[in-house]
Amino acid sequence: MSLSQEQILEIDKNHIWHPYSSINSTQELYAVESCSGVSIRLKDGRELIDGMASWWSMIHGYNHPELNQAIHRQLESTAHVMFGGLTHEPAAQLAQTLVEISPRDLEQVFFCDSGSVAVEVALKMAVQYWHAKGLPQKHKILSLRSGYHGDTFGAMSVCDPETGMHQLFNGVLAEQLFSEAPGCKFDQPWDDRYIQDIQQQLEQHHQQLAAVILEPIVQGAGGMRFYSPEYLRRVKQLCAHFDVLLIADEIATGFGRAGKLFACEFADISPDILCLGKALTGGYLTLAATLCTNAVAETICAGEAGCFMHGPTFMANPLACAVANKSIELLLKSPWQEKIRDIEKGLRGGLAPCSELQSVADVRCLGAIGVVEMKEPVDMARITPAFVQQGVWVRPFGTRVYVMPPYCITTEQLTTLTDAIFQVLSHH
Ligand SMILES: *Cc1c(COP(=O)(O)O)cnc(C)c1O
């Protein structure tokens, strides 16, 4: 009962959707044999250094013995049990850890299945909060351009209106408000003009606003942009001033990726609601969490509904919680800050030559994230095979060729990765 590489690719071609794909796509697909450490081994025998950490998530690398063991152990006890009326140790342990390590005042944890759902939950919390306060007209969300928050309807409504293709879902999506993408780059000196747009929007619309949602410091899939901590600090102050909740979406940045355990720490702020996902389980299983303050939770529960209106079937799946607990333990006991600093240094040095290329508009790095922004969108049909030929797995998006490798990548592997990017872009 095992399928050959050809059979897998054939079935896939005939029956399977991939992320943001056409069923008529002629782009090459690669069948994976197995993965370990930072490498993806293909069915055809080739080995690739993974520059993507399976979309920010696989921070400790693939096939990690301790993570494997955590799942095995939990499997012997309980693979899954419903969370309505029942609880269990892996969930309790994880909630306690998340409350401890996340920004201050976040005390209540809602577990769900994926990042997009964590965002839905956050939006519902914000709306229910104001409803419970007798201000149901405060139900709009203010979001930032170039933001990305997921693919479900609520999440889509707060994604960048252009790249999020609001046009296509016009009349179906909730209409939200948008402020300019933060104009002040991470290291750039602050100027008050950078806060003007969002300040005006808050002044004008706060009576109908439930919350501001943003990705702290790093705008991920919507732009791969790094912005000034001062912007985040100011938005936090404005939210408090205008009585609007702040939702921080740390699904991409959580667990050290940008150099702080949580990107909110760059600005020393704490949101009212926090979304986590991606690296939460070290990339092993799908799990996300939405945290909120006691004030938010108590207000919601004192409202007309008397409870928070959400409850996924696989809420707090024990296998996922068990591997999340182990992943966080591994992270916290490792010298992760040092590791991220080394990766940042490697990425800066290794990607610097790219800025000399005609086709490149910008090169930027923060923590374990490296971005080469091209002047034109890359041709995926050509560039992916070129990366594979160089022995690396890099999956660009639009004009952005970016990497966020597993934290366990060695200096040598990182050099292979950045050299490959330079080589491929030189000829692209
Ligand atoms: C990936 C991502 C999401 C969506 O998470 P999924 O698990 O893909 O649903 C939401 N917000 C941010 C910032 C993300 O990077």
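**Reading the model**

Modeller: Let us begin with a hairpin: Gly45 takes a positive phi near 95 degrees in the hairpin of S2 and S3, where four residues lie between the strands. Helices (H or I, at least four residues) and strands (E, at least two) are DSSP runs, numbered from the N terminus. This is a predicted model, in which local features need pLDDT of at least 70 and side-chain atom pairs count only at pLDDT 80 or more, while totals for chains, interfaces and linings use all residues. Residues are numbered from 1 along each chain as its sequence is written, and side-chain values use heavy atoms, with hydrogens and water left out.

Colleague: In what sense do S2 and S3 pair, and over how many bridges?

Modeller: Two strands pair if DSSP finds at least two bridges between them. Here strand S2 (residues 39–42) and strand S3 (residues 47–50) are antiparallel, with three bridges. Arg41 has Glu47 in S3 as its bridge partner.

Colleague: Which strand runs parallel to S3?

Modeller: Strand S15 (residues 392–393) runs parallel to S3 and is joined to it by two bridges. The bridge partner of Asp50 is Trp393 in S15.

Colleague: How many bridges join S14 to S16?

Modeller: Strand S14 (residues 369–374) and S16 run antiparallel and are joined by four bridges. Within this pairing, Gly370 stands opposite Val403 in S16. As to burial, buried means under 20% relative accessible area, exposed over 50%, and partly exposed in between (1.4 Å probe, protein chains only). Strand S16 (residues 400–403) is covered on both faces, with Arg400 and Tyr402 buried on one side and Val401 and Val403 buried on the other.

Colleague: Is Cys321 buried or exposed, and what does it touch?

Modeller: Cys321 lies in helix H10 (residues 318–333) and is buried, with a relative accessible area of 0%. Contact means heavy atoms within 4.5 Å. Not counting residues up to four places away in sequence, Cys321 touches Pro90, Ala91, Leu94, Leu287 and Ala316. The C-alpha atoms of Cys321 and Glu89 are separated by 9.0 Å, although these residues are 232 residues apart along the chain.

Colleague: Where is Pro216 placed?

Modeller: Pro216 is in the loop between strand S7 (209–214) and strand S8 (218–219). Pro216 is buried, with a relative accessible area of 0%. Leaving aside neighbours within four places in sequence, its contacts include Tyr227, Leu232, Ala248 and Cys264.

Colleague: Which residue has a positive phi of about 55 degrees although it is not a glycine?

Modeller: That residue is Met165, found in the loop between helix H6 (153–157) and strand S6 (177–179). Met165 is partly exposed, with a relative accessible area of 39%. Phe255, also not a glycine, has a positive phi of about 70 degrees. Phe255 is found in the loop between strand S10 (245–249) and strand S11 (273–276), and is buried, with a relative accessible area of 2%.

Colleague: What does the radius of gyration say about the chain as a whole?

Modeller: The radius of gyration is taken over C-alpha atoms, and the globule rule is 2.2 Å times the number of residues to the power 0.38. For 428 residues, a compact globule would have a radius of gyration near 22 Å, and the chain agrees because its value is 22 Å. The chain has 13 helices and 16 strands, and 53% of its 428 residues count as buried.
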